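Subject: Structure handover

Hello,

Here is the structure you asked to look through. My notes on what was found follow below it.

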Amino acid sequence: MAKSSSLNVRVVEGRALPAKDVSGSSDPYCIVKVDDEVVARTATVWRSLSPFWGEEYTVHLPLDFHHLAFYVLDEDTVGHDDVIGKISLSREEITADPRGIDGWINLSRVDPDAEVQGEICLAVQVLEDARGRCLHCHVLKARDLAPRDLSGTSDPFARVFWGNQSLETSTIKKTRFPHWDEVLELREMPGARSPLRVELWDWDMVGKNDFLGMVEFSPKVLQQNPPNGWFRLLPFPRAEEDSGGSLGALRLKVRLTEDRVLPSKYYQPLKELLMESVLRPAEEDDASPLAVLEELTSGDCRQDLATKLVKLFLGQGLAGPFLDYLTRRELARTTDPNTLFRSNSLASKSLEQFMKLVGMPYLHEVLKPVIHRVFEEKKYMELDPCKMDLGRTRRISFKGAPSEEQVREASLGLLTGYLGPIVDAIVGSVGRCPPAMRLAFKQLHRRVEERFPQAQHEDVKYLAISGFLFLRFFAPAILTPKLFDLRDQHADPQTSRSLLLLAKAVQSIGNLGQQLGQGKELWMAPLHPFLLQSISRVRDFLDQLVDVEGEDEAGGPARALVPSSVTVREGYLLKRKEDPASLATRFAFKKRYFWLSGETLSYSKSAEWQTRSSIPVSHIRAVERVDEGAFQLPHVMQVVTQDGAGTLHTTYLQCKNVNELNQWLSALRKASAPNPDKLASCHPGAFRSARWTCCLQAERSAAGCSRTHFAVTLGDWSDPLDPDAETQMVYRQLLLGRDQLRMKFLEDSNMDASLEADPSATEGTCPDVLARQREVAARLLEVLEDLDRAHEGFQQQEQGRVTPAPLGP
């Protein structure tokens, strides 16, 4: 049995942010922190006080997660970025509503005394002798303290209070991981029992000391369960200051999902019911367990359900039959071919998620070169007369302002110059399209042709495929490349407009020209000849795409979306030389091109270089951040490996920015997740000048001073398949609709009353179908009761053997 915890965060937009630049605007971006660990950074939106980000992250977390924070900053080209404000959400606030948080939240000022992090290790004893009660507070060490000095470290000391007495430890210079190992003895004075408070401070030679955090224990705790272990540092208790909206607000969507995943055998009955749905004869589609499940979901729940079901059926090797089943149901209730797959049905959502899960490497291969060109060349393109900036050329040239016709002609040439390679790449990609996608489109093509065989509906079978591939896959990726990992940054306003024009053109091609010359965008007419020429090529492409042998996925059940030999991440990183003792830090890191697969982390001098060095993924024991102070460099990570003799080796790699760092950390942690003997702790510094830069210990073999974070990863298309976790989510979804399930299918009086009130509700539904639906509903409820009992049993076992304990390393 395992427990899972994941946080879904969507940073939607901001409003009414204060201007930080002399221009009267700001260049805002947002940093997302989980327990003081930076997990994401949005792109910078230039020159905006009401930025739109629309960025979504799924973060897999350890179960002891405490709080989530959003910091909004203004990016400055020179000097430090300006802090605008923050939003802090505790675990309790996020879980107060099962649906999570969805709305506008005002930014608060950043109070340095509230910006605490880290833990302290204490052992406390309360003794009694002839002179009264005596308290021994053994202050051992602390870890992950906030950096308060410009060097990125602190000079921490501890101050212990009991009653009206206080004592201090020594000060440990230049470290965030101090080791004191000092025992402070305090005697109780007459009067009421007092709590114990331990404060950590950063010593400063000039000015006042900086607060690093505190812990406090009540007299009852001291008497019954004296503290012994690691304890999270907290800020001074104070009411959070509300800025009243003067710092602006963020619109956020946050949902925490925590679940207990049972052993596989407990989910087998539910899995069998779901698999039975897609293996039944087509005439039983309306009375299947999946049909009942679909009726119980809507909105965002349907999106989540679609993702989990696609992954579940992919893992069973039944994604093709699953999508075919949904297609049959969608076609059965569609009378007008113009409305086919236009709603957000389970069929539409599932096929869309299927393309993203299976086809993301294909999408990158097809679109990345042209998208890169658009971003790098930054050409001005505009066809809409209402949006043309005729004075723009005058500002960068001495030839005067061009006419509207000249701008149109130049823009048309640039657009076709980008569209041509896009269309060429798409129509030439038949052999690179994943076989699973081609088989799914082949089934879709056949089912639509069977449902609408009339000559006037000849295009429907093409539109069904292009509606997904072009309108829900290629066009959205062109419009917002960052959301599809095609770029690290959002486009500036000019490039964003160019991408919009390209996306509109691709959308028109995907519609096979059906709406050309209609609607409000008649200014697109100059592109029509190119679009019409491309449409005939796209038809041929779709014919070739569905001309594939086989009916089902090859390989049967799988545990991963991509084979272990396939590269899941690649790019340039800076690698530190193995023994750079004689080199300055900036010369010790050399640029190398890296490839990561499920088997190896390999690298060479360039992407084209034939000779590669490699690190087996099975040897990785930890993948962690490195403090900036270790090499005076930002965005450095370490990969700790163990050779056959048991010796540990550390490879230091520097990334371009915090997002690239998080993506590599996540990819490496997921690739090495199955490895045994992973390290529970490591050093976030480096061993230089005969000591560790983090904790100042002089032994290279000294135990790590900071816990590792293997559980913290970013969710993406390459996540391993986990049938048990996916079935658990389906179980949770059914639990939410259990009452509705009983009322709709099992309570005869309710069903009979609904039939009398609205006979059309079951028009065309024969008594046999109703009987089968009732039978399926009864089986589902029985499976739910069995899973309820299993969860209760495991919960009772945990409560029986688990006692409250301090945080471990």
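Trp203 sits in the loop between strand E13 (196-202) and E14. Please keep in mind that this is a predicted model. With a relative accessible area of 29%, Trp203 is partly exposed, since that class lies between the 20% limit for buried and the 50% limit for exposed. Leaving aside neighbours within four places in sequence, Trp203 is in contact with Asp155, Phe157, Thr171, Lys173 and Asn209. Pro156 is 47 residues away from Trp203 in sequence, yet the two are 6.1 Å apart in space, C-alpha to C-alpha.

**The protein as a whole**

The protein has 809 residues, of which 49% count as buried. There are 20 helices and 28 strands. Among contacts in the protein with a separation of 6 or more, 69% are between residues 24 or more positions apart.

**Aromatic pairs**

The structure holds 16 aromatic pairs. Two of them are described here.

Phe217 and Phe231 form an edge-to-face pair, with 5.1 Å centre to centre and 75° between the planes. Phe217 lies in strand E14 (residues 210-217) and Phe231 in strand E15 (residues 228-232), so this pair ties together parts that are 14 residues apart in sequence.

Phe341 is in the loop between helix H6 (319-332) and H7, while Phe468 is in helix H11 (residues 460-479); the pair links distant parts of the chain, 127 residues apart. Phe341 is buried, with a relative accessible area of 6%. Phe468 is buried too, at 1% relative accessibility.

Apart from these pairs, Tyr362, Phe470, Phe473 and Phe474 form one aromatic cluster.

**Nonpolar cores**

Which residues touch the most other members of the largest nonpolar core? They are Phe354 and Phe474, in a core of 115 residues. Helix H7 (residues 346-377) gives the largest share of this core, 16 residues. Not counting residues up to four places away in sequence, Phe354 touches Val310, Leu314, Ala319, Leu323, Gly359, Ala436, Met437 and Ala440. There is also a second, separate core of 31 residues, which includes Leu7, Val39, Ile84 and Leu89.

**Cavities**

Rolling a probe the size of a water molecule over the atoms shows where empty space is left. Three cavities of 30 Å³ or more were counted. The largest cavity holds about 70 Å³ of space. Its lining is made up of Glu37, Val38, Val39, Arg625, Asn662, Leu665, Ser666, Arg669, Val712, Thr713 and Leu714. Strand E3 (37-41), helix H16 (658-671) and strand E28 (713-714) are the elements that give two or more residues to the lining of the largest cavity. H16 contributes the largest share, four residues. By class, the lining has five nonpolar, three polar and three charged residues.

Regards

Definitions and conventions
Residues numbered from 1 in each chain as written. Predicted model: local features only at pLDDT ≥ 70, side-chain atom pairs only at ≥ 80, totals over all residues. Heavy atoms only, no water. 1 Å grid on protein atoms, 1.4 Å probe; cavity = no way out; pocket = protein on both sides within 12 Å on 5 of 7 lines; lining within 4 Å. Points joined across faces, edges and corners; volume = space filled by probe spheres on them. Nonpolar A, V, L, I, M, F, W, Y, C, P; charged D, E, K, R; others polar. Core = buried A, V, L, I, M, F, W, Y, C linked by side-chain atoms within 4.5 Å. Buried < 20%, exposed > 50% of the residue type's maximum accessible area, 1.4 Å probe, protein only. Contact = heavy atoms within 4.5 Å. Phe/Tyr/Trp six-rings, centres within 6.5 Å; stacked < 30°, edge-to-face > 60°.
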